[in-house]
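Okay, thanks for coming, everyone. I'd like to walk you through a few spots in this one, so let me put it up on the screen.

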Amino acid sequence: MTKELSRNFIQRLNISGSILFYAFIFLFLVKYKTSLFFRLQELSLFLPTSSFRISCMEEPGGFIFYIAAFFLQFFYYPWLGITLFIFLLVVIQYLVIKVFALNDRYYSFSLLPATLLVLSFTRLDYVMYVMPEKQLIYFWVTGFISLLLLLFFYRSLRLGTGKLLYIFFSLAIFFPFLGTYVLIAVLWMGIYEVLISGICRQSLFLFFTGLLFVGGIPVAYFYILYETLDLNRIWLYGLSLWSFGDGWQMWIPFFLLMILPFLYLLFYRKKPIGKYSSKQCIGNGLLLVGCITGIVLFSFRDKNFHIQLEMENALVNRNFDRILEIADNNKENTPTRLIILYRNIALHRNKLLLDKMFTYSHGAESYFSSVPVNATLIGSPAVFYYYGRLNFSYRWCMELSVSCGMNVDYLKYMVKNALFNNEPELALKYVRILEKTFFHKKWAEKYRIFIENPDLFREEDEFREIYALTLYHEGTWENSNNVESCIMSFYRKLPSGTKSMLELSLASAMTTKDIKAFMSKLGVYLTQNQSFPVHLQEAALLFSKLEGYEVNREYFNPLLLEKYERYLQRMHGLKGSPEEIIAQHIKNEFGDTYWYYYFFIKGMTTS
């Protein structure tokens, strides 16, 4: 016999479950997704201006876009953005309970929308970089709230005529603001009427009349207001179905969200009762556990993705020590090529590139993404900038702004590139945009000073270091469609340059295993520098043996010479063994050397 529980006890238990659920979401997002959220707001843009608001309203659903962009910017402080996000989830839960009259026996079902909306964020993979509208995920939060509000007011009406007028005016008034979401709301109203009122003349009349309004009013708006849009898509504006490209799986949380009302309507007629059994209490608890487990299991968990996000966020603040700290904490992880590029930027800025670049893992791990991406689409503005290829950085800022939308990150690089190109008016144009944002005003004010005082610009450490990489003649316009290949080719072939450029030139020759290019630059480097970095010594010893170059061993560290002799002995002792076995045997002692990289890191492709 099941034990009966009082309604008050169940209500307290349900509220406690909700508090536990939202506390878990907050802690989970703060621990695992702060880098994602900060990067999302960097790759988006909200301006509290009439021109921005008008541009949003050029398509149906523009108000949803505007509000989504407004909320997304608060992820500049991830804890604040997460708090606001959870607040909206609580609002959604409250509306679900009110709209569908969920009684306490089915309380945990009201957590399902929050679960799906959390997953809509946490399932994001590399597709976030190529989405034309980064605010899309927040569309679903604000869009779902608008759906619930429209349905809430509809169910309070009693007269058939009043409901019919409500449907018509909802579409007529809110279609430009809510787009597809108001169409979905009307469909919900019609289905609600049929399921709750039963199949009768009035419910069927409301349902089919609603369908006629859904079909006709958007078309009327097209001819009156939106003639430049695609008529075939007029019913889909506000959803941006093409934002994820071929990544259809990213839409799963949204589609499940849209069918949830049918589940809730099954419980609609079930009246509250005075007593509740322990079985119902257990059922609510299991569903709560299921929601939490679903978030953990179905969130995107690619280690390289999160390493990359952390490095990019450190790069925003030029925190090169933090980038190397992230790299040190993940030395055994096989990285993507973009992670290696970020890591090498930090090593170069900290004067460690030629001493440490091969002490880390190397490889070309795939980008586990729902859509095809590569390093160029993700990081070319930053990478080209920090390697001194400023024209390419600016070019990719412009191209990606067209395909993926203008955002804060690209605007900042466009300001810097314009300053270097001595285009103060262009730089000021971009600074003025950033000055209108809520959280990037200080950055804009700092760079406005550089625009107005060019001498200060030239004295700034950041720009002095970049300037040292730009003292070359731009003789040809190379193919920059592969960011790493373009950089490696340029620096490997560079005949001369500053000390900083020469370091990158030697690093590129070693990375591409170009012995001739390396040896031609080594002598120049040694005449200009008193130091002889570790990897240069390793490469010089190896290439002297492979190609017969003469190298004066007096320049080498005696300990490194001893290590090289041990390496040769180990290799000789393993001669004839499969390459994989040799690599395993020598990795512990020599895995941090250029020798290991040269012989055992193979098949890498720039991407």
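So, tyrosine 564 and tyrosine 567: both of them are buried. Keep in mind that this is a predicted model. The two tyrosines sit in helix α28, which covers residues 558-573, and they are three residues apart, about one turn of the helix.

How are the rings of tyrosine 564 and tyrosine 567 placed relative to each other? A quick reminder: you describe a pair of aromatic rings by how far apart the centres are and by the angle of the planes. Searching the whole structure turns up 79 aromatic pairs. For tyrosine 564 and tyrosine 567, the centres are 6.3 Å apart and the planes are at 20 degrees, so we call that pair stacked.

Tyrosine 564 also pairs with tryptophan 595, and that pair is tilted, with 5.0 Å from centre to centre and 50 degrees between the planes. Here tyrosine 564 comes from α28 and tryptophan 595 from helix α30, residues 594-600, so the pair ties together parts that are 31 residues apart in sequence. Why does tyrosine 564 count as buried? Because its relative accessibility is 1%, and the cut-off for buried is under 20%. Tryptophan 595 is buried as well, at 0% relative accessible area.

Next, lysines over rings. Lysine 513 has its charged end over the ring of tyrosine 597, 5.2 Å from the centre. Lysine 331 lies over the face of tyrosine 360, and there the distance to the ring centre is 4.9 Å.

Now to helix α27, residues 534-547. How far does α27 reach from its first C-alpha to its last? For its 14 residues it's 20 Å, close to the 20 Å you'd expect at 1.5 Å a residue. Mostly, α27 is covered, with 10 of the 14 residues buried; among them are His535, Leu536, Leu541, Leu542 and Phe543.

Last one, histidine 348. You'll find histidine 348 in helix α15, residues 337-349, and it's buried, with 7% relative accessible area. Its side chain makes a polar contact with the side chain of serine 500, at 3.0 Å. Leaving out residues up to four places away in sequence, histidine 348 touches Leu353, Leu469, Ser500, Glu503 and Leu504.

Note on methods. Residues are numbered from 1 along each chain as its sequence is written. This is a predicted model: local features need pLDDT of at least 70, side-chain atom pairs count only at pLDDT 80 or more; totals for chains, interfaces and linings use all residues. Side-chain values use heavy atoms; hydrogens and water are left out. Rings of Phe, Tyr and Trp (its six-membered ring) pair if their centres lie within 6.5 Å; planes under 30 degrees apart count as stacked, over 60 as edge-to-face and the rest as tilted. Helices (H or I, at least four residues) and strands (E, at least two) are DSSP runs, numbered from the N terminus. Buried means under 20% relative accessible area, exposed over 50%, partly exposed in between (1.4 Å probe, protein chains only). A charge sits over a ring if NZ of Lys or CZ of Arg is within 6 Å of the ring centre and within 35 degrees of the ring normal. A polar contact is a pair of N or O atoms within 3.5 Å; within protein, one must be able to donate a hydrogen and the other to accept it, and residues adjacent in sequence count only if both atoms are side-chain atoms. Contact means heavy atoms within 4.5 Å. The expected span of a helix is 1.5 Å times one less than its number of residues.
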